[in-house]
Amino acid sequence: MDEQPPGRRTGAPTIKDVAALAGVSYRTVSNVVNGHKYISEATRTKVEAAIAEIGYRPQLAARQLRSGRSKLLTLSVPFVSHPYFAQLAHAVVTEAEQFGYDVVIDETRGLLERELRVAAGFRTILTDGILFSPLTIDLERFEAERGATPLVLLGERFRSTRIDSVVVDNVRSSYDATRCLIESGRRTLGFLGDVKVGTIGAAPADLRIRGFQNALDEEGLTADPAHIVTVSRWDQSSPDGDYSREEGYERTTELIERMDGLDGLVCANDLLAIGALRAFREAGIRVPDDVAVVGWDNTAEAAFSAPSLTTISPDLHEIARLAIVAMLRRLDEPDAEPRTDHAPYSLVRRESTRSPRTD
C-alpha cells in the first residue's frame, strides 16, 4: 500500500498535518492560527499556505472556550423585514466586522416569550453579547428575567439604569421635524402614529408626539385633537405592524374627512408617511402644495416616493458602532457603570415639505 505524504491523511486534517506539511512544530501552527504577533512573516506565509492546501479548519469551539470569547454577537429585533430593522441589521453586521465579530440575527416578532428568551440570554446560543431592540417586554419583566449574558438595549422602549443602551433622541428629532413644517409656513398641523399608552410600540410614539407638541407650544400653536391620529395596536402576525404603509393609508383616508384646514402632517415613521402620500394623491390633495408631510427613519423608499419624502435620518452605522463599543466595554469591564449613548440624526429635506406655491 502506498504511503500517504505528510498532510494527506484521510479524514479531517489536524494541526499536526499542517505542521508536517509546513515543516514546523504544531505549536508554531497554533501561534499562527491564534494570531500571535511574534511570528516571522515567512513562517506565517508558509503555515497559511499549508492550511489552505489541506483545508484545515481550526477547532473554533475549543479556542473560544480557552479565550472566553466566541467572537459572535446576536442582534435581536422585532421584524427583520421591516425597512428600519433591515437597515439596522446591515449596519450592525458591517460595523461588527471592523471589530472582528460575526453577527447572528434573531427575530422576536414582538412575542413576549421570544423577548423573554432574549432577556435571559438565550442560554443555548454561544454568543458574547446581545444587542436588543425590544417591542413588548416591559422594564419590570425585563429586569426580573435578566440573564448573565451581556446585553445592550437599542431604542427607547424603556430605559434601565442597570443596562447599557444606545438611543436616538426621539423628542428632539420629532421637534425638528415639526419645526420644518412650521418654518415652511404651515400652521394647522397633525400627527399620524399615536399609540395608546400601555400597548405595544407606545414608548417611541409617546416621545415623538411629545416633540411634536413641544414645537407647537413654542410657536403658540394648538393641534386639533381630530388631527392626532391613533394607529392600531401592533399586529404581531404582520412584519410591519401598526407602523405600516397600509395603516398610514387607511388612517389618512379617514383623516381626510376631517382635515378642516390641515396643512402639515408629522408621521411617526416613513411607512406611515408613504401610506399617507398615497391617500392624499388618490383624494386629489396635493403634497406639498395643500399639505406638507414629514416622516422618520429615512428608509430607502423615502427618496423615491412621489413626492420624495422629507424625513428624520438616524445614523444607523453610528448606532451600530456605539452599541458594539458599549458591548466590548462591558465584556472588558463587567463592573463598569452602565451608560446611555446618544446617536446622531439629521433632517433630510425633500419635496414633501417644499414651501407652498404663492401663485
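Buried residues are those with under 20% relative accessible area. In this predicted model, helix α1, which spans residues 15-22, has Asp-17, Val-18, Ala-19 and Ala-22 buried. The cover over the buried residues of α1 includes α2 (26-33) and α3 (41-54). Just after α1 comes Gly-23, with a positive phi of about 75°.

**Nonpolar cores**

The largest nonpolar core holds 69 residues, and the members that touch the most others are Leu-88, Leu-131, Phe-280, Val-293 and Ile-319. Helix α12 (residues 316-332) supplies the largest share of this core, 10 residues. Apart from it lies another core, of 13 residues, including Val-18, Val-24, Val-33 and Ile-51. Val-18 is also one of the buried residues of helix α1.

Val-293 has contacts beyond its neighbours within four places in sequence; among them are Leu-181, Leu-265, Cys-267, Phe-280 and Leu-309. Cys-267 counts as buried because its relative accessibility is 2%, under the 20% limit. Cys-180 is likewise buried, at 2% relative accessibility. A search of the whole structure finds 0 disulfides.

Ile-312 is part of strand β10, residues 310-314. Its relative accessible area is 0%, so Ile-312 is buried. Leaving out residues up to four places away in sequence, Ile-312 touches residues that include Ser-173, Ala-177, Trp-296, Asp-297, Tyr-345 and Leu-347. Arg-349 is 37 residues from Ile-312 in sequence, and their C-alpha atoms are 8.7 Å apart in space.

Ile-105 belongs to strand β2, residues 102-107. Ile-105 counts as partly exposed, at 36% relative accessibility. Together with Val-80 and Val-93, Ile-105 forms a nonpolar patch on the surface, and the three have about 190 Å² of accessible area together.

**Salt bridges**

Side chains of opposite charge can pair when their charged atoms come close. The structure has a count of 20 salt bridges. Three of the pairs are listed here.

| Pair | Closest N to O distance |
|---|---|
| Arg-179 and Glu-183 | 3.6 Å |

Which residues are linked with Arg-179 in a network of salt bridges? The network joins Arg-179, Glu-183, Glu-218, Glu-219 and Arg-349.

Arg-179 and Glu-183 are 4 residues apart in helix α8 (residues 170-183), so about one helical turn separates them. An α-helix has 3.6 residues a turn, so residues three or four places apart point the same way. Arg-179 is buried, with a relative accessible area of 16%, whereas Glu-183 is exposed, at 52%.

Arg-321 and Glu-318 both lie in helix α12, 3 residues apart, which is about one turn of the helix. Arg-321 counts as partly exposed, with 31% relative accessibility.

Key. Residues are numbered from 1 along each chain as its sequence is written. This is a predicted model: local features need pLDDT of at least 70, side-chain atom pairs count only at pLDDT 80 or more; totals for chains, interfaces and linings use all residues. Side-chain values use heavy atoms; hydrogens and water are left out. Helices (H or I, at least four residues) and strands (E, at least two) are DSSP runs, numbered from the N terminus. Buried means under 20% relative accessible area, exposed over 50%, partly exposed in between (1.4 Å probe, protein chains only). Contact means heavy atoms within 4.5 Å. A disulfide is a pair of cysteine sulfur atoms within 2.5 Å. Patches are made of residues with over 30% relative accessible area and no salt bridge: like charges are joined within 9 Å, nonpolar side chains (Val, Leu, Ile, Met, Phe, Trp, Tyr) within 5 Å. Accessible areas come from the Shrake-Rupley method with a 1.4 Å probe; for residues, only the protein chains shown count as cover. A salt bridge is a side-chain nitrogen of Lys or Arg within 4 Å of a carboxyl oxygen of Asp or Glu. A nonpolar core is a set of buried Ala, Val, Leu, Ile, Met, Phe, Trp, Tyr and Cys residues joined through side-chain atoms within 4.5 Å.
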